[in-house]
Amino acid sequence: MKRLLLPALFALAAPAFADEALLARPEAQAFVERTAREQGLDRAAVADALRQAVIKPNIVGILDRPSTARPWYQFRPAHVNTRLASEGAAFWQQNASWLELAENRYQVDPAVIVAIIGIETGYGRNMGSFRVLDALATIGFNYPRRADYFQGELSAFLRLARDENGDPASFKGSYAGAMGMPQFMPSSFRKWAVDLNGDGKRDIWSTPADAIGSVANYLQQHGWQHGADILLPAALPAGLADTLAADKFNLHYSVGELKKMGVQIDADIADPVLGVVFPLEVSAGNTQYWLGLQNFYTITRYNKSTLYATAVAQLSQDIAQRRGAQLAVQ
């Protein structure tokens, strides 16, 4: 991440294209007061930062067309493919010592860490071109359904910019304000980003070690079980699919309970283990069912999508196979 060190934080001239009308809105004024109080920031500094924000209408359009709304057979090719698997094995080779350290420290499988960084940003190739300030302000003040959450993220971002000695207008990220190789939201950065290489900075933008450690820490803190399965194929009796599929993000049933309902699982897995059944449309009109376990649930804490979690599971398998082939010839 390119940073601008300032003699006085946020002491910036507002760019000519900034929308002065935003700061005049009552909800924006309330945000300034609340953020200054809760984050311990200077009120004028918060106002100056918000004055620079540019509302981007195209971001609202993207929010209304999420990629995870597509069926699995359309979603999969962009996220589970030869390119990401090959680049993932290369990323593993280049960062083997950091992945080993992360695995030992956080007990998270390295293939999954690599798969997440690959799916999120192509191993840092595409970390987003939106100004984080603009993205968070646009959604926080022009998308009522998610306003509270994104105003909270904007508040956390301004605190992050101060703590990182950065110009708020210089941070780039996704259309939703996610940042760095692992695409952390500002609140996630504060809670779970780590300095794995010990250089005194939590640099998830240009230091693979810190990105690796941060993903591992996030997964550990959300219940990752080292070496355990992520998902397994399942077969359901007619009439049960809709009932179970409606519970796609929650671990409400044990494997034993699911078996009693008629769910068939072709694997040796203990009855007390919790799981969730979910559908995947593998081709138009053709649906398969899967059992997601604790690690599947943990991945959906990173991105609340069964498609995303399945993609991570499958890509991680492909990466692990390629990594095994690398080691076999070394």
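Start with Tyr218: its relative accessibility is 7%, so it counts as buried. Buried here means under 20% relative accessible area, exposed over 50%, partly exposed in between, with a 1.4 Å probe and protein chains only.

Ground rules. This is a predicted model, where local features need pLDDT of at least 70 and side-chain atom pairs count only at pLDDT 80 or more, while totals for chains, interfaces and linings use all residues. Residues are numbered from 1 along each chain as its sequence is written, and side-chain values use heavy atoms, with hydrogens and water left out.

Now the rings. The structure holds 13 aromatic pairs. Rings of Phe, Tyr and Trp (its six-membered ring) pair if their centres lie within 6.5 Å; planes under 30 degrees apart are stacked, over 60 edge-to-face, the rest tilted. One of the pairs is Phe157 with Phe171, edge-to-face, at 5.2 Å centre to centre and 90 degrees between the planes. Phe157 sits in helix α10, Phe171 in the loop between α10 and β2 (172-173), 14 residues apart. Helices (H or I, at least four residues) and strands (E, at least two) are DSSP runs, numbered from the N terminus. Both Phe157 and Phe171 are buried.

Back to Tyr218. Its ring centre is 5.0 Å from that of Tyr302, and the planes are at 70 degrees, so this pair is edge-to-face. Tyr218 is in helix α12 (residues 208-221) and Tyr302 in helix α15, so the pair ties together parts 84 residues apart in sequence. Tyr302 is buried, at 13% relative accessible area. Ring pairs link Phe184, Trp192, Tyr218, Tyr302 and Tyr308 into a cluster.

Next, the crossing. How do the axes of α5 (residues 72-79) and α16 cross? They come within 10 Å, at roughly 45 degrees. Axes are lines fitted to C-alpha atoms, for helices over the stretch in contact, and angles run from 0 to 180 degrees between N-to-C directions. The α5 side of the contact (heavy atoms within 4.5 Å) is Trp72, Phe75, Arg76 and His79. From α16 come Leu307, Tyr308, Thr310, Ala311, Gln314 and Leu315.

Last, the serines. Ser305 is in the loop between α15 (294-302) and α16 (306-329). At 5% relative accessibility, Ser305 is buried. Beyond neighbours within four places in sequence, Ser305 contacts Thr68, Phe249 and Thr300. Ser155 lies in α10 (residues 147-163). Ser155 is buried too, at 6%.
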